[in-house]
Amino acid sequence: MPFQFDNSYARLPSEFYSLVAPTSVTEPSMIRVNRELAELLGADVGALQSPAGLSVLAGNQICAGSIPLAMAYAGHQFGGFSPQLGDGRAVLLGEVIGTDGVRYDIQLKGSGPTQFSRRGDGRSALGPVLREYIVSEAMAALGVPTTRALAAVATGEDVLREGMIAGGILTRVAQSFVRVGTFQWFAARGDVENLKVLADYVIERHYPEAKESETPYRVLLDSVIERQAVLVAHWMQLGFIHGVMNTDNTAVSGETIDYGPCAFMDTYESNKTFSSIDHQGRYGFGNQGPIAHWNLARFAETLVPLLASDADRGVAIAEEALDRFVGMYERELQRRFKAKIGLGFEADEVNTAEDPDWELVRDLLTLMEDGKADFTLVFRHLSKVLESNSDEKVLALFDCTKEIVAWLQAWRARMAEMDGGAAVALMHRSNPIFIPRNHRIEEVIEAGYSGDFELFHQLCEVLQDPFDEQPKNAAYEAAPTDDEIVPATFCGT
Ligand code: AMP
Ligand code: MG
C-alpha cells in the first residue's frame, strides 16, 4: 500500500464530486517516479516502482484507503462561462498528510472518462504528460508554488488526437485541486449552503488563520488575492506564460495549476503568446497580471453572499478587496524585476513612473524587445558584467548594440552605489540559468513517442538545480537556434 490516505474531500456533500474509478489500461509501463516527492508524501518509493505501484499509478488497481472521485467545477474559459466543466480526464485518488504536515491531493490525469468528460475520451497523450512533468517540477525547483509531478506512466494504448498517438497518465500532487471554478460551480447553481461548506473547507485547509477573524470570508478573499498576486509576479520574473488562465485553471491555494500550452519565453516580447488557440493574446505574457485580477473578480463574485447579509454591502466589500490587487501586484512585480538587475527594493509604496530604478528595468525591457534578446540569458549575463567587468556576453544577445551600451553605462553608475557582492548574490537568486526551454521539451516529447526517455530523464535532472552552473550541462543554457525555435504550443488534450 504506497499511500496512507485520509480523504477529507470525499467526506464533503455529494454535490462536490462524482465517485468514479479510473479505467484500466492493457499494458502500462513506468517512465519516471519522483523519489524526492514520494518521500515528502511519506510513500515508499520501492513500493511505487514495483508492479503493484505501477498498477495504482496506471489506474489498474485501487489501493486500500483510496476513494477515487472526479471533482465538480465550472469556469470561465477565454471569458465565456461554462457552468459544467469538472474533472473530465482526472481522478482524485485521495489525500495524504506529507512529512511536512501539509495535506496533499493525489490525482491521476489521463485515467479515463468521468461524468464530466462530455465528448472527451478522459485520456491524455504522452506528450502533454511529459511536458507537465518537466515544467511543473522545474517550477518547483525554481521556487514557484505549483502542483507537482509524482509519476509518469505510458499506458501502452493509443489515443486519437490528430492521429493515433501513445497515451500516458500523470500522477499530480497539489495542496488541493480546488479552483476558482469550484466556487463558481455552486454560485452558478445558487447553492449558497454548499458554497459556505466549500469556503469553510478551503479556510480549514489553506487559510486557517481566517478562522480567528470576525470576517473569515473577507480574510479568505484577501488571502487568495494576495497569493495570486505574488504567484503571477513570480511567473513574470521567470518569463513564464501559463497560456490558459481560465478560472477553472486558477487554484485557490495559490499554486500554479494545469500546465497546458504553457511556455517559458526565449526572446523577450512584452505580450508573448505561445498557445495556438489564444488568437487575441488574452493570456499573453504581459496580460497575466490583469487576467489574474479579472479571475479574482469572478472569485469575489461567488463570495458575495458570504461577505455580508446585504448584497450591496457584499459587493462593496468584494470591490474593496479587489482594488488592492493592482498595488500588490505592481509592488511584487517591481520588487522582483529590480532584484533581477541587482537592486534591492527599499520603498514600501509602489513608486510612480519617476522611480529611477524602475525606469532602468523598463528601459532594459524595451531594449530587449527591440533587440530580440533572450530573456533568461540577458539577466543571467548581467551579473557577469559585474563579476568580470566585461559587457561582451550581454551585448552579443542584442540585435543592435548602441542603446544597450548606453543602458549598461547608466546601470553601472547606479550599481556603483551598491554593495557589489550582495548585488551579484541577489541577481543569482533571481535569475535562473536553466529553464525548460520549448525546443528542449519538444525534443524530449519526440524521443518519448519513439519510446526513448533518456532525454526526458536528463532534462528533469538538469532542471532540478536551475540557479547553479552545471558545466557538463552547459548546452541546456542555450537559446534555440533559428531552426529550433518553437513558435506555438498546443493543449494536446
Ligand atoms: P483544461 O484544458 O485542462 O483546462 O480542461 C478544460 C476542461 O476540459 C476540463 O473540464 C477537463 O476535464 C476537460 N477535458 C480536457 N481534456 C479532456 C479529455 N481528453 N477528456 C475529457 N475531458 C477533457
Ligand atoms: Mg483545467
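Domain bounds here come from an automatic or database domain assignment. The model is predicted: local features need pLDDT of at least 70, side-chain atom pairs count only at pLDDT 80 or more, and totals for chains, interfaces and linings use all residues. Residues are numbered from 1 along each chain as its sequence is written, and side-chain values use heavy atoms, without hydrogens and water.

**View 1. Ligand 1 lies between two domains.** Domain 1 (9-177) and domain 2 (181-340) both give residues to the shell, so ligand 1 lies between them. The shell holds 18 residues, each with a heavy atom within 4 Å of the ligand. G86, G88, R89, R118 and G122 are the closest. By class, two are nonpolar, eight polar and eight charged; Gly counts as polar.

**View 2. Polar contacts of ligand 1 (N or O pairs within 3.5 Å).** One ligand oxygen is 2.7 Å from a polar backbone atom of G88. An oxygen of ligand 1 also sits 2.6 Å from a side-chain N or O atom of R89. A ligand nitrogen is 3.1 Å from a side-chain N or O atom of D121. Alone, ligand 1 exposes 480 Å², and the protein buries 87% of that (Shrake-Rupley method, 1.4 Å probe).

**View 3. The largest cavity.** A cavity is a set of points on a 1 Å grid over the protein atoms alone where a 1.4 Å probe fits but cannot get out; lining residues have an atom within 4 Å of a point. This one has a volume of about 50 Å³, the space filled by probe spheres set on the points. Its lining includes Q228, W235 and E255. Five lining residues are nonpolar, four polar and one charged.

Conventions: Chains lettered and ligands numbered in written order. Polar contact = N/O pair within 3.5 Å; in protein donor to acceptor, adjacent residues only side chain to side chain. 1 Å grid on protein atoms, 1.4 Å probe; cavity = no way out; pocket = protein on both sides within 12 Å on 5 of 7 lines; lining within 4 Å.
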